Amino acid sequence: MTLTPVSSWASFGGTVSVHDHDSEACRGPMRFAVYTPPQAKDGPVPVVWYLSGLTCNWSNVMEKSGLQRIASELGLMVVAPDTSPRGEAVANDDSYDLGQGAGFYVDATEPPWAPHFSMETYVAHELPTLVGSQFPADMDRQGITGHSMGGHGALTLHLRHPGRFRSVSAFSPIVAPTQVPWGKKALAAYLGDECPAWGEHDACELVKRQPSEVPILIDQGEADTFLDEQLRPDLFEAACRAAGQPVTLRRHPGYDHSYWFIASFMEDHLRHHAKALLAGD
């Protein structure tokens, strides 16, 4: 698979780089970014996947979270995929919470989305294969995190692919998409009217059936305007407790849904991943 370099910057002894490639899963061009830490000069390093939220792409986390300093210290590679396929040939919607920029990390089965919106296959299979072949990445040591819609993706992909991700965390995740407006809209569009497939992409439903032994870290701002209607972390906390799933839900007064919040706790999350991914080093 051929990569086309887009841009590159030195940062804390490592490199932030942006790349284009033709995706078979999404049937068109896709763009992603990688922070490669300085330790990669000596051999493969663990990988943390960061999945972004609605309307975002690779640039939000790479430019606003400050992840490079701590990833450089810990020796973690951070990969930030896009949130959907894009382009004139790709279906879209006028609203911000559906279509381009809002792939919800599922493989769509319904028109007009099905031809291009295969974001689960892209993130869980195609892109890891590409990263593993083109970068000094230790694919036996992978973690996953994300924000909002990307937090939903991090939790569900971890639970849907047992053993793949040795660490998992989320910022302000959508944990119960079958019960909230953002999720109901997206799942109906991509997978069809309410059906059993919805539960396969709902972290609360998945953890009830197939909890993992991997401790989950979640941070949530209490001043988040989406908290009560769209996010509902209390539902996931209760589902985890009932299923015996280790979870730490930290609630932070005064913090909202923005990257000011994410930047405040990014170091904690990367250290959470490093504890699992660097164990035994």
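These legends walk through several close-up views of one predicted model. Residues are numbered from 1 along each chain as its sequence is written, and side-chain values use heavy atoms, with hydrogens and water left out. Because the model is predicted, local features need pLDDT of at least 70 and side-chain atom pairs count only at pLDDT 80 or more, while totals for chains, interfaces and linings use all residues.

**View 1. Nine strands make an open, mixed sheet.**
Follow the strands across in the order β1-β2-β3-β5-β4-β6-β7-β8-β9. Strands here are DSSP runs of E with at least two residues, helices are runs of H or I with at least four, and both are numbered from the N terminus. Two strands pair if DSSP finds at least two bridges between them. β1 (4-11) and β9 (247-252) stand at the edges with a single partner strand each, so one side of each has no neighbour in the sheet. From one strand to the next, the twist averages 20°. Such angles run from 0 to 180 degrees between N-to-C directions, with axes fitted to C-alpha atoms, for helices over the stretch in contact.

**View 2. Here are the two ends of the sheet, one antiparallel and one parallel.**
Strands of a sheet pair through backbone hydrogen bonds, either parallel or antiparallel. β1 and β2 pair in the antiparallel sense over seven bridges, and serine 8 has serine 17 in β2 as its bridge partner. Two residues lie between these strands in their hairpin, where phenylalanine 12 takes a positive phi near 50°. At the other end, six bridges join β8 (residues 216-221) to β9 in parallel, and isoleucine 216 is bridged to valine 247.

**View 3. Two helices lie across the strands.**
Helix α2 (residues 67-74) lies across β1, β2 (14-23), β3 (28-36) and β5 (77-81), at about 65° to β3. Helix α9 (residues 233-243) lies across β8 and β9, at about 155° to β9.

**View 4. Serine 118 sits in a loop and is buried.**
Look for serine 118 between β5 and α3 (119-134). Its relative accessibility is 13%, so serine 118 counts as buried (under 20% relative accessible area; exposed is over 50% and partly exposed in between, with a 1.4 Å probe and protein chains only). Serine 118 touches Ala25, Cys26, Val106 and Asp107, leaving aside residues up to four places away in sequence; contact means heavy atoms within 4.5 Å.

**View 5. Phenylalanine 32 meets phenylalanine 135 edge-to-face.**
How many aromatic pairs are there? The count comes to 10, where rings of Phe, Tyr and Trp (its six-membered ring) pair if their centres lie within 6.5 Å, and planes under 30 degrees apart are stacked, over 60 edge-to-face and the rest tilted. In this pair the ring centres are 6.3 Å apart and the planes are at 70°, so it is edge-to-face. Phenylalanine 32 lies in strand β3 and phenylalanine 135 in the loop between α3 and β6 (137-146), so the pair ties together parts that are 103 residues apart in sequence. Both phenylalanine 32 and phenylalanine 135 are buried.

**View 6. Tyrosine 255 and phenylalanine 265 form another edge-to-face pair.**
Their rings are 5.1 Å centre to centre, with 65° between the planes. Tyrosine 255 is partly exposed, at 30% relative accessible area, whereas phenylalanine 265 is buried, at 10%. Ring pairs link Phe171, Tyr255, Phe261 and Phe265 into a cluster.
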